[in-house]
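Have the sequence and the 3D view open as you read.

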Amino acid sequence: MSATDALRLPPAAAATAGIEDAEALAEVTATLESRGLCEIEVMWLDHQGHPRGKRINAESFLDRARGAGFAFCNAALAWDVAGDVKPGLRHADWDSGFPDFFAVPDLRTFRELPWRNAVGHVISDLVDHHGELVAASPRTVLRRAVDRLADLGYRARVGVEIEFHLLRPDGSPLSDGVQAYSLQVLNELEPVFGQILDGLRGFVELEGGNSEYGPGQCEINLRHLDALDAADQAARFKYAARQLARRGGALATFMAKPFGEYAGNSMHLHLSLWRDDDPAFTPDGDDENAVMRSAIGGLLEHLPGIVLYGAPTVNSYKRFEIGSFAPASATWGGDNRTVSIRSLIETPEATRIELRVGAADAQPHWAIAGLLAAVIAGLEDRADPGERGVGDLYRAGTPLPATLADAVAAARADPVVGAILGEDAVHDYVALAQAEWDTFVRSVTDWDRERYLRSV
């Protein structure tokens, strides 16, 4: 780990002041006693967003949480989506012997688990033997971007919208047809959709949900929170939705494009910047102010290089189709769903930027970190996005990366974003994406056989 990547974590103090930590500890202690909890899930997220962790007896949880934390083999940050270790990473490789890192719970994130009685749940940071944050951990990467933004005098608040499909165990949709915003379709998705919403309350800060533009497709809107909290709750939502759907006899999938003929699943990010408690995107009449224009300019300039952080799989890139309501090129405009970057001018507090390139299969911490990195670059360079686009912009601008391989190349070609997020961490994330592409290219599929077996 390079010196510039090193961050030290006083327990849970990187995001909160000491008095708030004491309050969090007191609240967790009281909850353990009053609610009679018997077990705590200690969770952290890998590069693919998979929830990793352990189930810990409640009696010993606080002593270990306030001490060294909970040990895991660091090979867990060298795994691909199938759980296979990939070589050549800087943080974790065979040459290092795969030592332990330690999950240190952020007690601010403590919640009771909705689907298991007397069980708590907490999200953790990862630290090494010296108490330093693991540079390659997605939560560390986002913390680094948040700190860099704070050095410029800003705090980011992010609202996350995530789409997913509710399927039967055989993979077919729970409802037929395309009826976005249909209350009738939501009724057809009962009891599963209602069980998900009911189970999420108190576990994530939920604004609401609706049916979307595909059979069995839904969207959940999560409340705007500070960037780290927004990423945590998006990850927690994906974990919860899968479990709550399974308990209802269904499958919730966040695959970006499960059905070729229908729209895919997105993860849109709504960003506002704040100076203390004052909105930094306060409109200049009906237009973006200088700060917002620089943020949009940074996003537009670095968009090819950050697509990978919100679109991490081979399947992610099948969303980028003209006329699909997903973006296809590096464009920006106002309230316009043909663009990648939407500028929404409302009240000072509600004015925001929407980044629309992310897929539901993204790791939320990496996706939000990529967004912030491009914004930071724009603020530091006072970037100018040019004129706001109008009308159908699908065929305007530079096309987005067409494949995972293209996105890997674009990420490697953007050293500015790499420096902001941490060169070692970006190296490992991009190397895992490259390995995913290599695995795909080497695979012989039914498509290959059907197309070529008898015809070549």
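Here is a short tour of the cores, a helix, a strand and some salt bridges.

## Before we start

This is a predicted model, in which local features need pLDDT of at least 70 and side-chain atom pairs count only at pLDDT 80 or more, while totals for chains, interfaces and linings use all residues. Residues are numbered from 1 along each chain as its sequence is written, and side-chain values use heavy atoms, with hydrogens and water left out.

## The greasy insides

Start with the nonpolar cores. A nonpolar core is a set of buried Ala, Val, Leu, Ile, Met, Phe, Trp, Tyr and Cys residues joined through side-chain atoms within 4.5 Å. Buried means under 20% relative accessible area, exposed means over 50%, and partly exposed is in between (1.4 Å probe, protein chains only).

The largest core has 99 residues, and the members touching the most others are Val160, Leu166, Phe237, Leu273, Leu308, Ile368 and Leu421. Apart from it sits another core of 24 residues, including Ile56, Phe70, Ala76 and Leu126. Back to Leu273: leaving out residues up to four places away in sequence, its contacts (heavy atoms within 4.5 Å) include Leu149, Tyr154, Phe281, Val291 and Leu379.

## Two helices

Helices here are DSSP runs of H or I with at least four residues, strands are runs of E with at least two, and both are numbered from the N terminus. Val28 belongs to helix α1 (residues 18-34). With a relative accessible area of 2%, Val28 is buried. Skipping residues up to four places away in sequence, Val28 touches Phe61, Leu62, Leu107 and Phe110.

Now look at helix α3 (residues 138-151), which has 14 residues. The expected span of a helix is 1.5 Å times one less than its number of residues. For α3 that gives 20 Å, and the end C-alpha atoms are 20 Å apart, so the two agree. Among the buried residues of α3 are Pro138, Val141, Leu142 and Leu149. After α3 comes Gly153, with a positive phi near 95 degrees.

## A strand with neighbours

What covers strand β17 (residues 352-355)? Both of its faces are covered: Arg352 and Glu354 on one side, and Ile353 and Leu355 on the other, are all buried. In a regular strand, side chains alternate between the two faces of the sheet.

Two strands pair if DSSP finds at least two bridges between them. Strand β12 (residues 267-275) runs antiparallel to β17, joined by three bridges, and His270 has Glu354 as its bridge partner. Strand β16 (residues 341-344) is also antiparallel to β17, with four bridges, and Arg342 stands opposite Glu354.

A salt bridge is a side-chain nitrogen of Lys or Arg within 4 Å of a carboxyl oxygen of Asp or Glu. The whole structure has 29 of them. Glu112 and Arg35 form one, at 2.9 Å from N to O. Glu112 is in strand β5 and Arg35 is in the loop between α1 and β1, so their pairing ties together parts 77 residues apart in sequence. Arg35 is exposed, at 52% relative accessibility.

Lys257 and Glu321 make another, with their closest N and O atoms 3.1 Å apart. This pair ties together parts that are 64 residues apart in sequence. Is Lys257 buried or exposed? At 7% relative accessibility, Lys257 is buried, whereas Glu321 is partly exposed at 35%.
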